[in-house]
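Here is a short note to read beside the model. Please keep the structure open as you go through the points.

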Amino acid sequence: MVYQPPTGARDLLPLDVAQKRWIEDRLQQGFQRWGYHRIITSTLERLDTLMAGGAIERSTVLQLHNLNDEVLGLRPELTASIARTAVTRMAGSTFPQRLYYNANVFRRAQEGSHTGQQEFYQAGVELLGGGGLLADAEIVLLTIDSLDQLGLKDWSLILGEAGLTRSLLSVFPPDLRNQVRTAIAHLDRLTLEALPLSDELRDRALLLMDLRGKPADVIQQVGRLDLNDSQQEALNNLKSLVELLQDSLRLQSDRTSDWAIVLDLSIIRTFDYYTGIVFEVVSSPGSGQQVLGQGGRYDQLLGQFHPQGQAIPGIGFSLQIEQLHQVLLQAGQLPTQTSASDWLVVSETPQTNAIAFSYAQTLRNQPEPLQVELDLSGGAASGDLQSDRETIRTNAQSRCIAKIAWITADGSAVVETLS
């Protein structure tokens with residue numbers, strides 16, 4: 001019998017881990033520079049927490065039961081867990097709270113999925129207790145900065161407004177609204193045209209699906225619609241955000257990445273707790289045009305967990321480590337091998353094995369961290385010292401080890417630097 005991981009799971013080998021760490025380290029360093037602190041929440045949550053007030057589809061959650069037959073689930077994302085933690089465990093904290101995470105999430109593979117993958121890795125941030133234009137701009141600019149730290153060159157930021165889009169959908173009959181919404185989310189023109197809508201509503205649905213492009217053009221198109229006061233306010237806020245982003249980035253002369261902001265009011269996210277801006281990061285067509293990350297504002301989610309239902313604004317984003325890995329690997333920006341050890345310590349006789357262990361530990365205890373290995377033959381190889389040395393030296397060179405410390409029969413160390 002050949003043992004393999006279960007369907008939807010996979011193993012990460014040392015090189016995979018080195019490349020994943022390369023991505024994660026750069027993201028985390030960036031988050032910290034912006035004043036964010038790491039939070040680690042439970043992998044297991046009660047199902048009602050993960051459902052986040054009905055915003056997450058139950059069918060996406062991998063479920064299990066504890067000894068008390070309580071229904072639990074593996075987190076399909078981090079925002080709900082962090083929101084729950086913030087209003088319970090951090091109730092006395094001062095807002096805003098800037099938190100970041102680097103963790104795995106789990107989602108049940110949906111029918112028709114090509115990969116069947118059920119475990120994913122994400123890194124992201126949550127800005128809790130911060131509302132308004134500046135908080136929105138901070139999150140979008142931090143997303144951009146994070147991708148710059150990875151050296152990602154060609155991508156697009158697709159920006160929408162969940163509250164405005166949801167409001168514009170309110171004119172459709174309640175029994176058809178979800179179908180219209182789903183068709184727009186999947187850019188399914190044929191379904192929209194087949195729905196039993198009046199000509200006026202069908203034209204409105206098709207217009208909503210096509211509301212994407214340069215921000216100024218889309219804002220102008222939406223401005224021509226018959227908007228109520230709240231819709232006009234949302235549009236004005238979106239216009240102010242785009243202008244602030246563009247002005248801020250224009251002043252950063254050291255920015256070298258090639259990317260663009262695309263305004264798209266047809267963006268409708270899977271997790272339905274978004275109330276304001278929503279956005280996606282999409283790679284270039286040359287790398288398969290993958291969604292590398294997504295985020296948005298969720299001003300009602302924390303109130304779901306607050307004992308008194310107090311509304312606390314929140315906004316954040318998550319980046320998909322696997323998708324970033326694929327794009328960066330294709331671009332040749334990731335390590336191509338695991339890190340080599342700095343030293344190999346070799347005991348030439350069994351009597352000097354303890355001295356070899358001690359010498360290796362002395363090297364490891366240096367102020368500058370060193371990666372030190374011990375040769376495991378322990379002086380008990382072929383008996384031909386010269387031949388044994390040559391074999392050890394050849395193997396060390398093939399693994400790019402920098403130095404060998406030979407512990408000789410009298411207990412002294414002879415250091416050899418390999419070319």
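This is a predicted model: local features need pLDDT of at least 70, side-chain atom pairs count only at pLDDT 80 or more; totals for chains, interfaces and linings use all residues.

1. Which residues of H14 are buried? They are Asp388, Ile392, Arg393 and Ala396. Viewed down the axis of H14, the buried residues fall within an arc of 130 degrees, so they line one face of the helix.

2. The face of H14 turned away from that buried side carries exposed residues, Gln386 and Ser398.

3. The length of H14 checks out. The helix covers residues 385-398, which is 14 residues. At 1.5 Å a residue, H14 should span 20 Å, and its end C-alpha atoms are 20 Å apart, so the two agree.

4. Look next at what comes after the helix. H14 is followed by Cys400, which has a positive phi, near 60 degrees.

5. Now to a separate site. Gln320 is found in strand E12, which spans residues 314-320. Is Gln320 buried or exposed? Its relative accessibility is 7%, and buried means under 20%, so Gln320 counts as buried.

6. What does the side chain of Gln320 make a polar contact with? The partner is the side chain of Gln122, at 3.4 Å.

7. Set aside the neighbours of Gln320 within four places in sequence. Gln320 is then in contact with Tyr121 and Gln122, and also with Val291, Leu292, Gly293 and Gln294.

Methods: Residues are numbered from 1 along each chain as its sequence is written. Side-chain values use heavy atoms; hydrogens and water are left out. Helices (H or I, at least four residues) and strands (E, at least two) are DSSP runs, numbered from the N terminus. The expected span of a helix is 1.5 Å times one less than its number of residues. Buried means under 20% relative accessible area, exposed over 50%, partly exposed in between (1.4 Å probe, protein chains only). The arc is that of the directions from the helix axis to the C-beta atoms. A polar contact is a pair of N or O atoms within 3.5 Å; within protein, one must be able to donate a hydrogen and the other to accept it, and residues adjacent in sequence count only if both atoms are side-chain atoms. Contact means heavy atoms within 4.5 Å.
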